[in-house]
Amino acid sequence: MNTAVTILADGVIYASWLFIVALGLTLVFGVLKILNIAHGSFYAVGAYAAASFVAWFAAAGLPPYFSIIALLSASVAVAALLAPLTERGLLRVFYGRDEVLLVLVTYALFLILEDATKLIWGVNPYFVSAPYQLFGNVAVGAQTYVGYDFVLIAVAAACGIGVWWGLNRTRSGKVVLAVIHSAEIAASMGINVERVYTFAFMFGIFLAALGGALTAPMISVQPGISVGVVIVSFAVVIIGGLGSIEGAAIGALIVGLARALAVHTWPAAELFSIYIAMAIVLIFRPEGLFQRVQARRI
């Protein structure tokens, strides 16, 4: 019984930060129809920026709880600086062209950002411990967890509910949904499609950077963290269905629980278990759990 509770808790904790990252990825695809290979790099930049911001706040003599504000500030800074530069200065040039070309462009951006992080922050690992110590410990069954892990679950739930509510219950969200349904018709009705693209891409990058900033206190921030994140994030959105918020949530839970089950029963199959879960879902639902098959345009 204790093992089952531990697997469930570990799986949900892992799924929480992964859902935040995958939510940004599925939002960008839903609006811009771009498979953003560089999404993991924005996650890494968010983690590095969070490490720098926490160090700056501490050097300024601010209380420890300001480190949480530092994490959020780092995410906003990454989105505000990199998202408009990327979307307006690079991706916009390739809109309307072959989707494969956009995949190659984002892959090139991924390589550039990988080297850029090494030039800016070096190759030595960064450790951000201050936020991780703020919320004490929580006992779950026979296992003791850091309270920060459960704060992360609450943040992930708030992000998911907030994005869903924003898209389905606000005027701006209706505009975004109109662009998702048909950018051409939305433009003919007077909607500034390019502005919607910029906003959606910026918010998607914010979620990627937020995921990196929130996981920075839990990991060693070092070169290469973007590769594993983008692979697992793609597994999540493929399982759930590209462009689906509900699918991203369920996909993250499936991946998180599959990984936790493997870690506690067969550690050697930790990464492999994610692909097994993805393969099983795709056998029965090739389009993903929450993605409807669409008629092909002629």
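This is a predicted model: local features need pLDDT of at least 70, side-chain atom pairs count only at pLDDT 80 or more; totals for chains, interfaces and linings use all residues.
Leaving aside neighbours within four places in sequence, P84 touches A79, G89 and M202, where contact means heavy atoms within 4.5 Å. The place of P84 is in helix 3, residues 66-89; helices here are DSSP runs of H or I with at least four residues, strands are E runs of at least two, and both are numbered from the N terminus. With a relative accessibility of 19%, P84 counts as buried. Buried means under 20% relative accessible area, exposed means over 50%, and partly exposed lies in between (1.4 Å probe, protein chains only).

Residues are numbered from 1 along each chain as its sequence is written, and side-chain values use heavy atoms, with hydrogens and water left out.

At 0% relative accessibility, S41 counts as buried. Beyond its neighbours within four places in sequence, S41 is in contact with F110, L113, E114 and S226.

Attention now turns to helix 11. Within this helix (residues 270-284), S273, I274, A277, M278 and V281 are buried. They lie on the same side of helix 11, because they cover an arc of only 135° around the axis; the arc is that of the directions from the helix axis to the C-beta atoms. The buried residues pack against helix 9 (225-240) and helix 10 (245-265). Exposed F272 and I283 sit on the face of helix 11 turned away from the buried side.

The whole structure holds four salt bridges, each being a side-chain nitrogen of Lys or Arg within 4 Å of a carboxyl oxygen of Asp or Glu. One of them joins the side chains of E270 and R259 (3.0 Å, N to O). Since E270 lies in helix 11 and R259 in helix 10, this pair ties together parts that are eleven residues apart in sequence. E270 is partly exposed at 32%, and R259 is partly exposed at 21%.

Another salt bridge links R92 and E87 (3.0 Å, N to O). Here R92 is partly exposed at 25% relative accessibility, whereas E87 is buried at 0%. A network of salt bridges connects E87, R92 and E194.
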